[in-house]
Amino acid sequence: MDERERLKAFEQTVLPYLDAAYNLARWLAGNDHDAQDVAQEASLRAFKFFGSFRGENPRAWLLTIVRNTFYNWLKKNRPAEIAGELNEEALAVEDISANACMANLHQADAEMVRRAIDELPVEFREMIILREMEGFSYKEIADLSDVPIGTVMSRLARARKQLQQSLGGEFQAGGVK
Amino acid sequence: MNCQQARPLIDFYADGELDAARILELEKHIHDCPACALAWRNAQTLKKSLKQEALFFTAPPELRRAIKTELHSQVKPRANFWNWNWLNAVTTSFASVCLALLLIVTLARPSAQQQLTQEIVSSHVRSLMANHVMDVISTDQHTVKPWFNGKVDFSPPVKDLAAQGFPLIGGRLDYIGGRGVSALVFQRRKHVINLYIWPAKEKDSKPASAIPIQGYNLIHWSQAEMEFWAVSDLNEEELVEFVQDYTTSPL
């Protein structure tokens with residue numbers, strides 16, 4: 001395939017998912033400027049590696065590159081944010097079990113939800129975006145973000161618990177069974 | 001199923017990742033347990049909150065443009081474009097220079113034919129000056145012909161044209177065009193005609209019109225795989241007559 005045909009194929013199969021790429025980059029980076037940098041770099045890298053794309057799922061493929069590009073960018077530009085490694089052990093199931101006092105959660109407006117998502121650690125935020133906005137399965141998220149499927153599930157549970165708390169559907173009621 | 005078991009499954013259920021057997025169990029529990037039913041409703045509400053259209057960011061047009069521009073410049077980079085032009089220009093000028101040189105060389109240098117005729121004339125003149133016209137003096141073609149045996153690697157057709165007024169007076173070895181050739185010597189009045197013969201590389205050709213060089217006339221033809229050059233100070237008309245006689249008379 002010559003370069004022009006390659007570009008044409010890339011524009012037809014991968015670039016339609018630029019919105020998804022930007023959306024993920026925007027949620028991860030937290031602002032438009034950095035998100036554009038990440039999404040652009042990821043798109044150019046995707047074209048560079050387009051030869052190794054085997055036609056499976058172009059959206060998942062592109063988002064994998066966006067995610068990797070973002071973490072490289074993060075290491076370089078905001079190393080402090082990933083300095084505190086997540087302690088996956090601390091995310092034990094007991095934490096998300098029935099120890100909380102539930103309240104009726106009302107659908108929150110977009111601005112509230114946005115703030116709640118932004119408050120999540122980036123690794124949790126990533127899971128929420130991939131699961132709720134992009135609709136990937138646990139397995140797909142595990143492949144995409146290169147973590148075990150169990151980690152995907154525990155991070156999702158943890159993220160949802162925090163969101164529930166932020167949005168008023170759950171109150172920490174220490175010790176009540 | 002109790003609440004401890006049910007609660008973690010609610011998310012899986014909401015995500016569509018729960019297997020059928022446990023779906024039935026969980027649904028039964030939710031039906032019977034108000035607290036887990038609330039958790040289930042909250043999970044669905046949260047999902048709905050997170051899927052709001054307003055939460056999706058769409059790629060800004062300038063990002064789309066920037067990516068397209070960058071990709072297209074990579075595929076058809078300006079540098080390459082220039083390289084191509086540059087290469088093309090060099091190739092063209094190189095070709096022009098080559099052509100010019102070729103023309104100069106070709107025009108300045110005598111052609112192979114010119115070189116050959118010059119050589120023949122020189123040989124003819126030399127043979128007259130050095131009184132070395134003949135190695136074998138014989139008016140008998142049957143003496144001259146065998147004389148060449150072993151001296152050249154071919155057998156020249158030797159004819160006597162005495163009847164036509166061009167008596168054969170002898171033969172000689174000579175060196176023309178980088179090879180040994182046979183020269184037959186004829187005479188008309190005081191004029192000597194040298195007839196150079198060697199194996200032809202080309203097809204038969206009819207006698208060409210006479211080429212005048214330095215006051216001598218040359219006529220060339222090919223016949224029966226032999227190349228013939230007749231050269232003499234004879235006038236053109238008589239040399240043509242000689243050639244006609246030679247080509248038409250039998251061996």
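Predicted model: local features only at pLDDT ≥ 70, side-chain atom pairs only at ≥ 80, totals over all residues.
Colleague: Thanks! Which are the edge strands of the open sheet in chain B?

Modeller: The sheet has seven strands with antiparallel pairing, in the order β1-β2-β3-β4-β7-β6-β5 (chain B). An edge strand here pairs on one side only. That picks out β1 (136-137) and β5 (211-213) of chain B.

Colleague: How many bridges join β4(B) to β7(B)?

Modeller: Strand β4 covers residues 191-199 of chain B and runs antiparallel to β7(B). If you'd like a landmark, look for W198(B), which stands opposite E227(B) in β7(B). The number of bridges joining β4(B) to β7(B) is seven.

Colleague: Which helix packs on that sheet with a direction about 130° from that of β2(B)?

Modeller: Helix α8 (residues 236-248) of chain B lies across β3 (179-188), β4, β6 and β7 of chain B, but runs at about 20° to β6(B). The other helix touches β2 (168-176), β4, β5, β6 (216-223) and β7 of chain B, and its direction makes about 130° with that of β2(B). That one is helix α6 (residues 112-129) of chain B.

Colleague: Is the crossing of α1(B) and α2(B) left-handed or right-handed?

Modeller: Helix α1 (residues 3-14) and helix α2 (residues 20-32) of chain B pack at an angle of about 115°, with axes 10 Å apart. A6(B), L9(B) and Y13(B) of α1(B) meet R22(B), I23(B), L26(B) and H29(B) of α2(B). By type, those contact residues are five nonpolar, one polar and one charged. The crossing is left-handed.

Colleague: Last one: how many helices and strands are there in chain A?

Modeller: Buried residues make up 38% of the 177 residues in chain A. Of its contacts between residues at least 6 apart in sequence, 70% join residues at least 24 apart. Along the sequence the pattern reads α-α-α-α-α-α-β-α-α-α-α-β. That gives ten helices and two strands.

Definitions and conventions. Residues numbered from 1 in each chain as written. Chains lettered and ligands numbered in written order. Axes fitted to C-alpha atoms, helices over the stretch in contact; angles between N-to-C directions. Helix = DSSP H or I, 4+ residues; strand = E, 2+ residues; numbered from the N terminus. Left-handed = near helix turned anticlockwise from the far one by under 90°. Contact = placed C-beta atoms within 7 Å. Nonpolar A, V, L, I, M, F, W, Y, C, P; charged D, E, K, R; others polar. Buried ≥ 20, exposed ≤ 12 C-beta atoms within 10 Å, placed from the backbone. Pairing = 2+ DSSP bridges.
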